[in-house]
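Here is a report on a multi-chain model. Please read it with the structure open.

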Protein chains: 4
Amino acid sequence: MTLTAEQQAEIDAQRAARSETRRATVPALEEMLFKAVPVLDHGFVRAIDYMGDDGAVVQAARVSYGRGTKRVSEDAGLIRYLMRHRHSTPFEMAEIKFHVKLPIFVARQWIRHRTANVNEYSARYSVLDREFYIPAPENLAAQAVVNRQGRGDVLQGEEAEEVLRLLRSDAMQTYDHYAQMLNETAEGEKVDPSRQGLARELARMNLTLNTYTQWYWKTDLHNLLHFLSLRADAHAQYEIRVYADAMLEMLRAWVPLTCAAFEDYRMGAVTFSATMLAAIKRMLAGEAVDQKGSGLSKREWVEMMAALGREP
Amino acid sequence: MTLTAEQQAEIDAQRAARSETRRATVPALEEMLFKAVPVLDHGFVRAIDYMGDDGAVVQAARVSYGRGTKRVSEDAGLIRYLMRHRHSTPFEMAEIKFHVKLPIFVARQWIRHRTANVNEYSARYSVLDREFYIPAPENLAAQAVVNRQGRGDVLQGEEAEEVLRLLRSDAMQTYDHYAQMLNETAEGEKVDPSRQGLARELARMNLTLNTYTQWYWKTDLHNLLHFLSLRADAHAQYEIRVYADAMLEMLRAWVPLTCAAFEDYRMGAVTFSATMLAAIKRMLAGEAVDQKGSGLSKREWVEMMAALGREP
Amino acid sequence: MTLTAEQQAEIDAQRAARSETRRATVPALEEMLFKAVPVLDHGFVRAIDYMGDDGAVVQAARVSYGRGTKRVSEDAGLIRYLMRHRHSTPFEMAEIKFHVKLPIFVARQWIRHRTANVNEYSARYSVLDREFYIPAPENLAAQAVVNRQGRGDVLQGEEAEEVLRLLRSDAMQTYDHYAQMLNETAEGEKVDPSRQGLARELARMNLTLNTYTQWYWKTDLHNLLHFLSLRADAHAQYEIRVYADAMLEMLRAWVPLTCAAFEDYRMGAVTFSATMLAAIKRMLAGEAVDQKGSGLSKREWVEMMAALGREP
Amino acid sequence: MTLTAEQQAEIDAQRAARSETRRATVPALEEMLFKAVPVLDHGFVRAIDYMGDDGAVVQAARVSYGRGTKRVSEDAGLIRYLMRHRHSTPFEMAEIKFHVKLPIFVARQWIRHRTANVNEYSARYSVLDREFYIPAPENLAAQAVVNRQGRGDVLQGEEAEEVLRLLRSDAMQTYDHYAQMLNETAEGEKVDPSRQGLARELARMNLTLNTYTQWYWKTDLHNLLHFLSLRADAHAQYEIRVYADAMLEMLRAWVPLTCAAFEDYRMGAVTFSATMLAAIKRMLAGEAVDQKGSGLSKREWVEMMAALGREP
């Protein structure tokens with residue numbers, strides 16, 4: 001991650017300022033506030049504002065006049081109950097805002113989560129930085145053979161080197177041509193006074209999808225959990241999962257009771273279909289059940305046995 | 001408005017507590033925080049949490065690393081620009097949460113604004129209070145004759161008295177029967193040990209629509225402005241408009257620059273159709289234009305002339 | 001359910017009309033279209049329009065140029081795969097619209113599902129019918145003792161009779177007073193020419209929450225499934241569950257493959273927490289596990305054992 | 001636009017099929033259904049399904065049991081009334097689905113409209129086609145000088161040629177490297193058996209933003225109008241406006257009454273702020289008003305005078 005001295009100074013200034021407030025405040029998250037947590041080679045995620053805490057969930061569930069919280073054990077119990085029974089509205093009562101720097105192809109996945117507020121850096125209005133995501137060698141995965149949508153082994157040797165060389169050189173070349181077409185200095189002057197310069201909203205089309213963009217992304221706790229349950233999952237693409245992982249750490253600092261319930265009832269939970277449940281009941285009764293006899297497809301059988309930690 | 005001593009104590013305790021925060025803080029709204037502003041005879045609205053300020057709008061529009069704000073005049077200009085050109089996403093970056101006590105028939109209108117988070121006091125789980133909205137005599141309007149959806153003159157004399165008498169006695173009677181069917185003391189004991197008591201989720205159906213309910217309602221600044229533009233409008237039903245008016249005062253304290261732009265470009269603004277615009281251009285050119293010649297319907301003509309402050 | 005002769009004639013006329021279309025058409029749902037299925041004592045639900053079928057889900061998942069469907073077994077397999085892995089967006093590509101008549105207290109629960117389009121009959125604009133929900137004797141449940149939000153045994157004898165008497169007489173009395181305050185005939189004339197009549201938007205507040213209202217409700221297939229998974233569930237209040245049950249039958253006619261996958265992977269499925277899963281693994285390995293040793297709370301233990309069909 | 005023979009055959013087959021339906025049907029839109037309307041050099045938009053018509057709007061506003069429509073003039077009047085007073089919910093009762101092929105940078109703008117359903121062709125799962133948007137020479141605009149976000153004059157001569165050359169060669173080169181890294185034939189075989197091939201989800205990052213993607217996009221009539229009011233507007237970027245223009249023609253065929261009201265009250269309408277309105281009133285009263293005396297900023301004054309068709 002490369003923050004300019006100016007950017008770092010702005011962040012430091014924001015971290016230094018303090019105010020007094022009547023609002024619920026979370027010291028553990030305050031400690032992290034505004035700090036940029038590095039993700040991928042040039043990206044970051046930083047929490048820049050929040051509203052509410054675990055108490056806001058409890059308070060909303062009780063529609064109380066005051067804080068609404070009781071003993072920690074009671075609050076934890078209520079939060080666990082709400083999570084288990086998918087009473088989602090109390091979790092909508094806390095809100096968080098992030099500033100994220102991320103490759104465009106990751107942004108395209110991320111934006112599919114519609115219940116959030118977004119302001120993206122505008123390439124119609126401004127010039128993008130010369131920064132691209134180039135995977136680390138250990139993340140240069142081959143196409144999976146069994147799963148059309150997944151990753152296989154890590155590429156090795158010459159093939160890996162060639163891929164890195166192509167990604168780097170194409171990104172730099174297309175960026176340089178982007179800059180050339182714009183014909184614009186950082187101060188907005190013309191580089192070559194004899195040329196007009198292509199409109200920014202057009203020139204940007206020459207950039208590759210690993211170019212970094214950035215945005216403010218704000219969502220409520222319920223929708224954040226939904227995002228994390230999909231994107232911090234082992235099936236998510238690595239390049240978005242690392243952002244989700246970084247946000248999960250902030251979640252833990254912000255709402256520890258909610259985070260613990262989330263990890264037990266959502267991240268670590270498994271859903272079994274009616275047919276799977278019937279098979280499990282028979283197994284528990286001591287019956288020997290195999291795929292054929294279970295009524296499950298081969299794929300479902302493998303998924304169920306994996307979830308149960310058993311040999312298929 | 002009738003807050004119990006216990007409720008008032010909870011509010012006072014919350015107002016007394018202070019924390020230090022790195023977040024943007026708005027002293028004028030902090031001053032109001034948690035205080036219940038009376039609305040109608042037993043209702044209230046109180047701001048109970050917020051995220052961001054005018055600066056959050058500016059910051060998001062600029063996708064900045066720090067506060068993003070510049071001189072007040074520049075920030076005001078940017079906010080006015082965003083409001084005028086309906087760039088709505090930066091206004092989604094601030095959030096506010098209210099606790100509202102309101103009659104059920106008002107809640108039914110309010111809930112139609114879907115882009116908000118709501119936790120309502122549950123009458124499946126708890127017993128509602130014995131409080132109903134009875135209009136003040138000056139708000140006891142007759143049905144409008146011209147407008148099927150509006151109000152006419154204020155009812156007078158015996159008719160008014162009879163209406164108030166019916167509203168009061170029916171609300172009290174249905175509530176008393178509700179309590180009787182529940183057969184439950186405030187402590188959850190049976191009043192008459194020989195009866196089981198009807199389930200709360202059923203008994204509530206006997207209540208009238210002027211019974212008060214309460215909820216937590218959280219929304220972003222953009223959607224709050226949309227709510228206010230419809231509900232603080234002269235065409236809104238009086239009983240919801242008074243809530244919107246109270247919230248408008250909190251808006252002014254919270255985001256003064258946004259509020260000023262909103263009042264100029266939204267609350268006080270008028271939209272003219274293409275046909276109306278053509279008529280106005282002709283008027284400005286000195287032509288005498290009448291309804292027939294304008295291409296407008298009678299109703300539209302009246303609406304346009306009213307907006308222009310001219311005799312139809 | 002009481003449809004007037006005029007309403008029935010309108011429905012019949014709509015059922016009689018036929019057009020030719022290039023759109024995907026579902027004969028089994030066409031057969032049901034517009035018919036009012038009775039629910040509760042005076043309510044109904046009827047499907048009045050739809051877009052797409054099982055093929056629309058498949059087509060969207062494949063982003064195809066044509067129908068996109070292949071052999072039924074392949075389509076069923078794809079739909080099951082999408083449902084199992086919670087790939088929800090293809091299910092958003094089919095849409096359905098219902099006309100529902102329902103008690104106001106049911107409407108208040110229903111409206112909490114925000115991702116839907118609603119047009120409700122306006123009591124500001126029109127006069128509501130004199131129809132209220134009075135539970136059948138077998139649905140007159142007592143308050144549950146263990147579960148604050150649930151129902152217990154059915155009320156018996158005098159207590160039941162008294163409840164029915166109160167519900168009936170209060171609903172009729174408040175409605176009659178509503179009509180009296182309105183002072184309006186069905187044709188919009190004044191009943192008593194010496195009185196002005198209270199504005200409709202005010203008079204409605206005297207009605208009880210079991211008064212019937214009606215609305216058009218339109219949603220996509222994904223959100224319909226979410227609604228049904230919550231409202232056709234055994235924990236849902238009986239008075240909304242009967243609507244969900246009726247809609248589930250229409251779902252079955254409309255999108256049989258999706259409905260089958262939904263029943264296997266959602267309605268009949270069970271989610272076990274990480275802690276529960278650990279206990280189940282130990283049980284399957286032949287270990288004797290009890291509540292204490294499981295790390296589960298008493299309540300969770302009971303829930304898990306019930307899901308597994310075992311004695312706690 | 002380049003449809004393969006196979007794609008065209010799929011479209012033709014879909015156009016040839018007919019069914020009988022009880023649903024509202026719009027012959028003018030049926031005539032267009034499934035046909036791909038060319039947009040830009042390789043893109044298209046085609047309506048592939050719809051629900052409802054102008055009658056659905058009227059029907060919902062009246063919450064009727066039958067068609068709900070009356071004489072065309074009455075329906076038109078009601079639709080105009082709803083549009084003028086921003087009663088938006090009846091317009092949510094009709095729905096339309098499009099299949100769109102569009103450059104990725106256009107897709108990134110489009111997706112910001114969140115109240116819609118989307119299924120995009122997956123570059124994690126499939127290989128993208130070798131098609132890029134290259135602007136026609138007359139659309140090769142320079143950066144605007146006054147408006148940081150707009151376009152100026154069309155580039156000429158050598159500068160234009162150089163831009164086109166760079167866009168073309170970079171797109172082709174990055175695509176060829178994408179294909180090389182994938183190491184995959186159209187049939188999914190390896191081109192070079194000695195290499196594994198990079199995972200699709202990674203290789204796609206090498207593509208430029210003018211690469212074409214495609215999606216199914218479904219929305220309700222109200223949100224479609226909102227999309228069109230922003231994207232068919234003169235201030236929208238040309239490359240998205242041409243899609244909006246093509247969809248506006250389909251709108252006209254589908255819901256002619258709604259489309260006419262939309263063009264009068266939204267597309268052709270102008271909103272004046274409170275301050276502008278005050279100035280216009282003074283002008284109409286014959287006063288000479290200038291910018292200074294109006295209380296408007298220079299920019300607002302210019303905007304207002306332009307809207308009024310007068311010299312600033």
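The sections below go from conventions to domains, sheets, a helix and the chain interfaces.

## Conventions

This is a predicted model: local features need pLDDT of at least 70, side-chain atom pairs count only at pLDDT 80 or more, and totals for chains, interfaces and linings use all residues. Residues are numbered from 1 along each chain as its sequence is written, while chains are lettered from A and ligands numbered from 1 in the order in which they are written.

Helices (H or I, at least four residues) and strands (E, at least two) are DSSP runs, numbered from the N terminus.

## Domains of chain A

Chain A is divided into three parts: domain 1 (1-128 + 210-269), domain 2 (134-208) and domain 3 (274-307). The bounds come from an automatic or database domain assignment. Taken over C-alpha atoms, the centres of domain 1 and domain 2 of chain A are 29 Å apart.

Eight residues of domain 1 of chain A are in contact with eleven residues of domain 2 of chain A. Contact means that the C-beta atoms of two residues, placed from the backbone, lie within 7 Å. On the side of domain 1 of chain A that touches domain 2 of chain A, four residues are nonpolar, two polar and two charged. Here Ala, Val, Leu, Ile, Met, Phe, Trp, Tyr, Cys and Pro count as nonpolar, Asp, Glu, Lys and Arg as charged, and the others, Gly among them, as polar.

## Sheets in chains B and C

Chain B holds an open sheet of five strands, ordered S2-S3-S4-S8-S5, with antiparallel pairing. Two strands pair if DSSP finds at least two bridges between them. Strand S2 (37-39) and strand S5 (117-120) of chain B stand at the edges with a single partner strand each, so one side of each is left without a neighbour in the sheet. The twist averages 25° from one strand to the next. Angles run from 0 to 180 degrees between N-to-C directions, and axes are lines fitted to C-alpha atoms, for helices over the stretch in contact. Strand S4 (95-103) and strand S8 (212-220) of chain B run antiparallel and are joined by nine bridges. B:Val100 has B:Trp215 in S8(B) as its bridge partner.

Chain C has an open sheet of five strands in the order S2-S3-S4-S8-S5, with antiparallel pairing. Its edge strands are S2 (37-39) and S5 (117-120) of chain C, each pairing on one side only. S4 (95-103) and S8 (212-220) of chain C pair in the antiparallel sense over nine bridges.

## Helix H8

In chain C, helix H8 (221-231) lies across S4 and S8 and runs at about 125° to S8(C).

Which residues of H8 (221-231) in chain A are buried? They are A:Leu221, A:His222, A:Leu224, A:Leu225, A:Phe227, A:Leu228 and A:Arg231. Buried means that 20 or more other C-beta atoms lie within 10 Å of the residue's own; 12 or fewer makes it exposed, and in between it is partly exposed, with C-beta atoms placed from the backbone. The cover over the buried residues of H8(A) includes strand S4 (95-103), strand S8 (212-220), helix H9 (238-254) and helix H10 (256-267) of chain A.

## Chain A with chain B

A rotation of 180° with 0.0 Å of shift along its axis superposes chain A on chain B, at RMSD 0.0 Å. The two copies are thus related as by a two-fold rotation axis. In chain A, the C-alpha nearest the axis belongs to A:Glu20, 2.3 Å from it. Copies are superposed by least squares on the C-alpha atoms of residues with pLDDT of at least 70 in both.

The contact joins 42 residues of chain A to 42 residues of chain B. The largest share of the chain A side, six residues, comes from H1(A). That side divides into 17 nonpolar, eleven polar and 14 charged residues. 100% of the interface residues of chain A are also interface residues in chain B, so the copies meet through the same surface. S1(A) and S1 (19-21) of chain B pair in the antiparallel sense over three bridges. A:Glu20 stands opposite B:Glu20 in S1(B).

## Chain D with chain A

Chain D superposes on chain A by a rotation of 180° with 0.0 Å of shift along its axis (RMSD 0.0 Å). The C-alpha of chain D nearest the axis is that of D:Thr208, 2.0 Å from it.

Here 41 residues of chain D are in contact with 42 residues of chain A. Strand S6 (141-143), strand S7 (151-154), helix H6 (157-182) and helix H7 (200-203) of chain D each supply at least two residues of the side that touches chain A. H6(D) gives the largest share, nine residues. The chain D side divides into 19 nonpolar, eleven polar and eleven charged residues.
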